[in-house]
Amino acid sequence: MGPVFGLQGKLADWQRDGIIDADQAERIATYEAGRSRPRLALALAVLGAFTIGVGVIAIIAANWDAIPIALRLGLHMALNLVLGTAAWVWTRSTGPEPSVRGEGAVLLLSLSTLALIAHIGQSFQLQGSAAGLLGGWLLLATPFIVRLSRGGINRWVWTGGLFAWMLFTLDEHHRWLSDKHLLSTFFMLFLAVLSALRADRLRLPPVWARHLGQVAAGAAILGTSIMLMIVAPLMTRPVTEAARHDVLIGAGVGLVALAAAHLLVPADRRGARLGLGVAVALAPALFALPLLFTGTTGAIIAGVAFCLYWIGLARLALVAGRPGWYRLAVVLIAVRVFVAYLDAAGGLMATGLGLILAGLVLLGLAYAAWRMMEWRMERPV
């Protein structure tokens, strides 16, 4: 009989090792089965709701000119009222747990609200921008999305709209922000405000507070990692003084603003959460580091900074008991070391000896990564 994978395989291993008994295994399997079933149904329902919405829009678009403006807007507002009522009833009936009908209704309501704003602008020939359209949608949709949504799909739709608004706003005011050296500062303050929304005084639902914290921290860490791992090695020419001043000002503002936003949440002032706050606050400064150095020196400093940064994140993952993040850190460090080897080898990679050495380096990195992951598993909880 071949190996059994997934939850059943784990339960069988735990039973065999004496960690749980048969009754506990059955209860765990029943509980996980009850939790996992709605996810597929929810995804299919959301996809179906989205498809219906696209179909309705296509039918209306085909007969657009034949429908009077008052009738079009009246029907659209009536549709929003129906969707809002349905979302309210269905989400209240299921309590804190996400429901297929409720999440689908909230998604349709948010998309219909965006379409209504565009509809009003088109009907009365109002001049506007993409940033204005998304800003109006955020003002109207945020209250009911925060209040009614229970699942992650609507949270990520809202997050996508928020970041799209930020990018369109940056593009719209790019010249003025660039002249004032405030492009980087705008983005850093955006992340800081996003993180500060978790403050206890605002009384956001816990799931939303956690989501905003994860988005702000993830964006800061991701941006810094991309800069140190990908962009910095490709920078062959010094950046302009204006760009350097912009990024350095943003780094200073970002460090203070992100640290202050993190400290607004009392639970984040100790343990692994405090360490994560330090890592997030340091991200802007590390992002600016490659702009201070050029050539080989800059590439070396960026590589070392990347590895040290992710070593610190790996340590935080150990303390927080997050093995997935620990493994990701190990893999990223190994990849960065191998990229540094390729840069150092240069033309040697075109020879057979160079390929052999590269293979040996890869094997060494694979062994080191495996040992680090095994060491994590051997640590006592």
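Against which helices do the buried residues of H8 pack? The legends below take up this point and others.

**Figure 1. Overview of the predicted model.** This is a predicted model, in which local features need pLDDT of at least 70, side-chain atom pairs count only at pLDDT 80 or more, and totals for chains, interfaces and linings use all residues. Residues are numbered from 1 along each chain as its sequence is written, and side-chain values use heavy atoms, with hydrogens and water left out. The protein has 14 helices and zero strands; helices (H or I, at least four residues) and strands (E, at least two) are DSSP runs numbered from the N terminus. Of the 381 residues, 35% are buried, that is, under 20% relative accessible area with a 1.4 Å probe and protein chains only.

Figure 2. The mean pLDDT (the predictor's confidence in each residue, from 0 to 100) is 84, and 87% of residues reach 70 or more. Over residues 1-5, pLDDT stays under 50. Where pLDDT is low, the predicted coordinates should not be read in detail.

**Figure 3. Helix H8 and its packing.** Helix H8 covers residues 183-196 and reaches 20 Å from its first C-alpha to its last. This is close to the expected 20 Å, a span defined as 1.5 Å times one less than the number of residues. Its buried residues include Met188, Phe190, Leu191 and Leu194. The buried residues of H8 pack against helix H6 (152-172), H9, H10 and H11, where contact means heavy atoms within 4.5 Å.

**Figure 4. The largest pocket.** A pocket is an open set of points on a 1 Å grid over the protein atoms alone, where a 1.4 Å probe fits, with protein on both sides within 12 Å along at least five of seven lines; lining residues have an atom within 4 Å of a point. The largest pocket holds about 1,200 Å³ of space. Among its 41 lining residues, Gly213, Gln214, Ala217, Leu276 and Arg322 are the closest to its centre. H9 provides the largest share of the lining, 14 residues. By class, the lining has 28 nonpolar, six polar and seven charged residues; Ala, Val, Leu, Ile, Met, Phe, Trp, Tyr, Cys and Pro count as nonpolar, Asp, Glu, Lys and Arg as charged, and the others as polar.

**Figure 5. The second largest pocket.** About 610 Å³ of space lies here. Val56, Ile57, Ile60, His76 and Ala115 lie nearest the centre, among 24 lining residues. H2 gives the most to this lining, with nine residues.

Key. Grid points are joined across faces, edges and corners, and a volume is the space filled by probe spheres set on the points. Buried means under 20% relative accessible area, exposed over 50%, partly exposed in between (1.4 Å probe, protein chains only).
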